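Here is a quick tour of a protein model, written for someone who likes to have the coordinates open while reading. Take a look at the structure first, then follow along below.

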2 protein chains.
Amino acid sequence: MTVTILVVEDEPAIQELIALNLKREGYMTLSALSADNAMQLINNVLPDLVLLDWMLPDTPGIEFARRLRREERTKAIPLIMLTARIDENDKIAGLEAGADDYITKPFSPRELIARIKAVLRRRLPEMSDEVLELGGLRLDPVSHRVHACNDGFSDLAEINLGPTEFRLLHFLMAYKERVHTREQLLDRIWGDHVFIEDRTVDVHIRRLRKILESVGKENLVQTVRGTGYRFSVTPN
Amino acid sequence: MTVTILVVEDEPAIQELIALNLKREGYMTLSALSADNAMQLINNVLPDLVLLDWMLPDTPGIEFARRLRREERTKAIPLIMLTARIDENDKIAGLEAGADDYITKPFSPRELIARIKAVLRRRLPEMSDEVLELGGLRLDPVSHRVHACNDGFSDLAEINLGPTEFRLLHFLMAYKERVHTREQLLDRIWGDHVFIEDRTVDVHIRRLRKILESVGKENLVQTVRGTGYRFSVTPN
DNA sequence: AGTAAACGTTACATTTTTATGACACCCTAT
DNA sequence: ATAGGGTGTCATAAAAATGTAACGTTTACT
């Protein structure tokens with residue numbers, strides 16, 4: 001899945017450098033040179049993660065972070081702060097303002113990438129490109145493939161899913177053993193504020209189940225009556 | 001593919017020594033005794049990698065590194081810094097400026113070569129001159145040739161590819177079993193920020209497939225609907 | 001048991017995404 | 001100049017995926 005990262009950094013050179021390194025890793029990037037700039041951008045495209053320079057010209061980084069956290073639409077976005085100071089107070093203030101992690105400048109590209117991956121793994125598991133193995137299924141986001149390890153070891157049947165079914169399964173597996181309402185699924189799999197019927201989720205669940213049944217994997221996608229759906233390893 | 005390495009080093013003796021070692025490994029070398037000198041050279045020939053001395057007479061190495069990173073044409077070039085100091089701060093500053101690696105003097109030719117290869121492998125696997133053998137194909141970047149080893153050993157049919165198809169296949173094979181979006185392919189095969197339609201990728205994929213089919217190699221280049229393309233040995 | 005709400009299933013029209021062939025342009029070597 | 005291969009773009013065909021509505025089943029509760 002393509003992760004979009006917003007970089008809020010006023011120094012063009014560093015901005016470029018960061019963007020370059022992110023692209024090399026396969027992330028999409030959005031660039032903002034100021035907090036205001038960033039806010040405008042966010043109105044159009046909702047990024048999956050924000051890299052925020054602590055020291056910005058107009059608004060201090062922390063102020064921007066607070067604003068992000070205040071609004072419903074943006075308050076769940078993972079946030080990593082970039083700071084030149086090693087001041088313990090700043091670190092605390094940053095984390096208090098809702099930062100998921102922080103990096104002190106100067107930092108190496110490798111460290112940057114490592115921290116981003118760590119935050120994604122924690123906050124947005126469905127975007128972290130990790131292979132998921134659960135309930136006899138093996139989903140690899142990188143090669144975009146799903147296999148069924150039929151109760152043991154021998155045959156690994158390949159499972160062919162359509163784009164939406166793939167994302168759906170990916171999401172459900174990433175957040176296993178949790179119920180998701182149809183609305184939540186629409187929001188997070190289809191995207192922000194799509195105008196789609198709730199019942200459509202049922203249909204895609206059906207399609208997913210059908211394919212899973214065809215390789216003998218039943219009861220993995222479970223209905224929670226009155227609420228929604230859940231991926232679970234225990235039968236029901 | 002011949003890798004061209006630019007060596008920016010003011011001391012002629014070391015310059016010579018490095019160039020000699022690189023040549024022995026089969027790299028092409030460009031020499032610059034100063035940053036200005038290097039900039040001029042780069043205007044004519046774009047190197048695939050830059051070896052940069054930290055202490056230069058006119059411009060400090062780090063300044064040159066920043067300049068490299070700032071310009072569109074040069075910002076993706078892998079960069080290795082040579083430094084005499086063992087100061088950790090320098091190391092960090094260098095990495096921040098976009099260096100991929102650094103070597104502290106004095107260093108052995110072997111270490112130098114090893115680091116260059118490591119950086120190339122990481123940054124430009126499709127340039128690392130390694131022969132790739134996958135799915136009954138044998139691609140040799142050095143001789144710029146592709147052969148089809150038809151399911152065994154006997155006949156090695158030579159495959160004739162156009163430049164773009166060759167690079168495309170090379171890239172796909174270098175990153176096998178991974179899905180690539182059309183954008184990623186454009187970025188890494190055509191070059192950063194080229195103004196080319198996404199759909200053009202389809203056409204080149206088509207041309208590549210056509211040629212592969214003609215030697216009985218089908219299903220190696222696979223479509224991942226909704227995402228992009230993938231080179232894979234397993235049928236699909 | 002009866003009933004309404006929630007969920008499952010199917011069919012289908014539409015939209016979206018890819019595949020493919022044709023074509024014009026641009027180099028390069030003759 | 002000119003032939004020829006290589007490229008990018010476009011139009012159109014073909015395939016696949018998607019959202020909805022309609023109808024069948026199950027479930028919870030009276």
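## Where two helices meet in chain B

In this predicted model, T164(B), E165(B), L168(B), L169(B) and L172(B) of α6(B) touch H204(B), I205(B), R207(B) and L208(B) of α8(B). Sort that contact by class and you get five nonpolar, two polar and two charged residues.

How do the two helices cross? Helix α6 of chain B covers residues 163-174 and helix α8 of chain B covers residues 199-213, and they pack at about 85 degrees with their axes 10 Å apart. An angle from 65 to 115 degrees counts as roughly perpendicular, so that is the label for α6(B) and α8(B).

As for the spacing of residues along a helix, an α-helix has 3.6 residues a turn, so residues three or four places apart point the same way.

## Helix α6 in chain A

Over in chain A, helix α6 takes in residues 163-174, which makes 12 residues. From first C-alpha to last it reaches 16 Å, close to the 16 Å expected at 1.5 Å a residue.

Is α6(A) largely enclosed or open? With 10 of its 12 residues buried, α6(A) is largely enclosed by the rest of the structure. The buried set is T164(A), E165(A), F166(A), L168(A), L169(A), H170(A), F171(A), L172(A), M173(A) and A174(A).

Two loop residues have a backbone angle to check. H144(A) has a positive phi of about 60 degrees although it is not a glycine, and for E177(A), also not a glycine, phi is again positive at about 60 degrees. Look for H144(A) in the loop between β7 (137-140) and β8 (145-149), and for E177(A) in the loop between α6 and β10 (179-181). H144(A) is buried at a relative accessible area of 18%, whereas E177(A) is partly exposed at 41%.

Then there's S128(A), sitting in the loop between α5 (109-123) and β6 (132-134). Its relative accessible area of 14% makes S128(A) buried. Setting aside neighbours within four places in sequence, S128(A) is in contact with L120(A) and R121(A).

## Chain A as a whole

Zooming out, chain A has eight helices and 12 strands. Of its 236 residues, 49% count as buried. The chain exposes about 11500 Å², and carbon and sulfur atoms supply 48% of that.

What about contacts across the sequence? Taking contacts in chain A between residues at least 6 apart, 56% join residues at least 24 apart.

Methods:
Residues are numbered from 1 along each chain as its sequence is written. Chains are lettered from A and ligands numbered from 1 in the order in which they are written. This is a predicted model: local features need pLDDT of at least 70, side-chain atom pairs count only at pLDDT 80 or more; totals for chains, interfaces and linings use all residues. Side-chain values use heavy atoms; hydrogens and water are left out. Helices (H or I, at least four residues) and strands (E, at least two) are DSSP runs, numbered from the N terminus. The expected span of a helix is 1.5 Å times one less than its number of residues. Buried means under 20% relative accessible area, exposed over 50%, partly exposed in between (1.4 Å probe, protein chains only). Axes are lines fitted to C-alpha atoms, for helices over the stretch in contact, and angles run from 0 to 180 degrees between N-to-C directions. Angles under 35 degrees count as roughly parallel, over 145 as roughly antiparallel, 65 to 115 as roughly perpendicular and the rest as oblique. Contact means heavy atoms within 4.5 Å. Ala, Val, Leu, Ile, Met, Phe, Trp, Tyr, Cys and Pro count as nonpolar, Asp, Glu, Lys and Arg as charged, and the others, Gly among them, as polar. Accessible areas come from the Shrake-Rupley method with a 1.4 Å probe; for residues, only the protein chains shown count as cover.
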